[in-house]
Amino acid sequence: MEHSDVRISRKKPIFPVSPALQKYLKSYQRESRIPITYNDLLVFTEAYPIMDKYGKDSLWEGPIYAADKIEELHNGLKIVYANLKASGNLRIVQHKYIDKIEYCTFGNTHPFRIRIVNRLNDVYDYFYIKKADASRIYGLELEEILSPNQVNYLVDRETLVEEHIAGIPGDVFAKTYLHNVDYNPTRIAKEFVKFNERCLVMLLGDMRAYNFVMQITPDFDDIQFRIRAIDFDQQFYEGNIKVYLPQFFKENFPYVKMGLDQLTDKTYLQYQQEEKSSILHRVRSERHRLTDLRDVSNTEMLTTTENIETLKSGMAEYFSDRQYLECKNMTDIIELNIKNIIRQVKL
């Protein structure tokens, strides 16, 4: 497992949702008409910085809305939450209220984070409202189809609503929990290998530690770990193959070092093979949906010609496979990744 730092040269543009993608989303129950859109939340008059518990700027702001707009916004956001969580059944928000609306100017989609609280027991949940970005939506769909994780989101034209993905941020976990004596380091290293493999197959880029979370599940005889991506902005846009390999980001070095310390070449290859087998099972069970997604994304241009050419060459060299040079777009590269897995895995 190698390590060196990778830089992403410039901010990725936001790509609009095409009619073909909109039709796909409707077919798979991802489309929803909602009363509050992203642009509705932008009409705040001023904002104040939000500090974290250590007194540092969190990069989130608290927007201040006109008094006559608050009730309308809050009622609309409760309906959005009901659509996201319960197919629009408003009974689930009967005893809930909107506690916070927060805005982030960092990142491509400038998200709003909404905190909704149950007034009966103070249990709260978060959800996000963002600018709809086609490449991000493709990333969410590929995560749903090819990873072991389920993602919950809705799209209404130019607005994207996403469920909060719970977990310990990867950078926080690396600093605070990675060397916990109760945690089996081999299990953590194994999960990072599998995550690395998934990202390359799906061409999910920029998985630096703060763009994924660690989910911890106590089992009857040990503790299980799963790394989950929480940011899909860099879905098959960049041309540098290293962007799609989390092992190359300096922020992930603690995980890389743990892998080097805990795994042999043989076990590393074994865990890679396990993940490929899991992906193959998911491809077989979701083949119709994957075909529909491929057919839509094949018609779209979600990166530059230069990036496609660079990545084709990088993949051909990385895998010693000249077939990658025949790919015409990023979708072709992902499809070839999957075909190669099918050829390699003997079940």
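Lysine 130 touches Tyr38, Thr109, Pro111, Arg136, Glu158, Thr159, Leu160 and Glu162, leaving aside residues up to four places away in sequence. The model is predicted.

**Lysine 130**
- Lysine 130 lies in strand S5, which runs over residues 124-131.
- The relative accessibility of lysine 130 is 7%, so this residue counts as buried, the cut-off being under 20%.

**How H10 and H11 pack**
- Helix H10 covers residues 305-319 and helix H11 covers residues 330-344.
- The two helices pack at an angle of about 20 degrees, and their axes are 10 Å apart.
- H10 and H11 are therefore roughly parallel to each other, since angles under 35 degrees count as such.
- Their crossing is left-handed.
- On the H10 side, the residues that meet H11 are Asn307, Ile308, Leu311, Lys312, Met315 and Phe319. Their partners in H11 are Met330, Ile333 and Asn337.
- By type, the residues of this contact are 6 nonpolar, 2 polar and 1 charged.
- An α-helix has 3.6 residues a turn, so residues three or four places apart point the same way.

**Helix H10**
- H10 has 15 residues and reaches 21 Å from its first C-alpha to its last, close to the 21 Å expected at 1.5 Å a residue.
- Its buried residues are Asn307, Ile308, Leu311, Lys312, Gly314, Met315 and Ala316.
- These buried residues of H10 pack against H6 and H11.
- Just after H10, serine 320 has a positive phi of about 50 degrees.

**Helix H11**
- The 15 residues of H11 should span 21 Å at 1.5 Å a residue, and the end C-alpha atoms are 21 Å apart, which agrees.
- Buried in H11 are Met330, Thr331, Asp332, Ile333, Ile334, Leu336, Asn337, Ile338, Asn340 and Ile341.
- The cover over these buried residues includes H10 and the helices H4 (134-146), H6 (185-202), H8 (265-285) and H9 (287-297).

**Glutamate 335**
- With a relative accessibility of 21%, glutamate 335 counts as partly exposed, because buried means under 20%.
- Glutamate 335 and phenylalanine 106 are 229 residues apart along the chain, and their C-alpha atoms are separated by 32 Å.

Key. Residues numbered from 1 in each chain as written. Predicted model: local features only at pLDDT ≥ 70, side-chain atom pairs only at ≥ 80, totals over all residues. Heavy atoms only, no water. Axes fitted to C-alpha atoms, helices over the stretch in contact; angles between N-to-C directions. Helix = DSSP H or I, 4+ residues; strand = E, 2+ residues; numbered from the N terminus. Parallel < 35°, antiparallel > 145°, perpendicular 65-115°, else oblique. Left-handed = near helix turned anticlockwise from the far one by under 90°. Contact = heavy atoms within 4.5 Å. Nonpolar A, V, L, I, M, F, W, Y, C, P; charged D, E, K, R; others polar. Expected span 1.5 Å × (residues − 1). Buried < 20%, exposed > 50% of the residue type's maximum accessible area, 1.4 Å probe, protein only.
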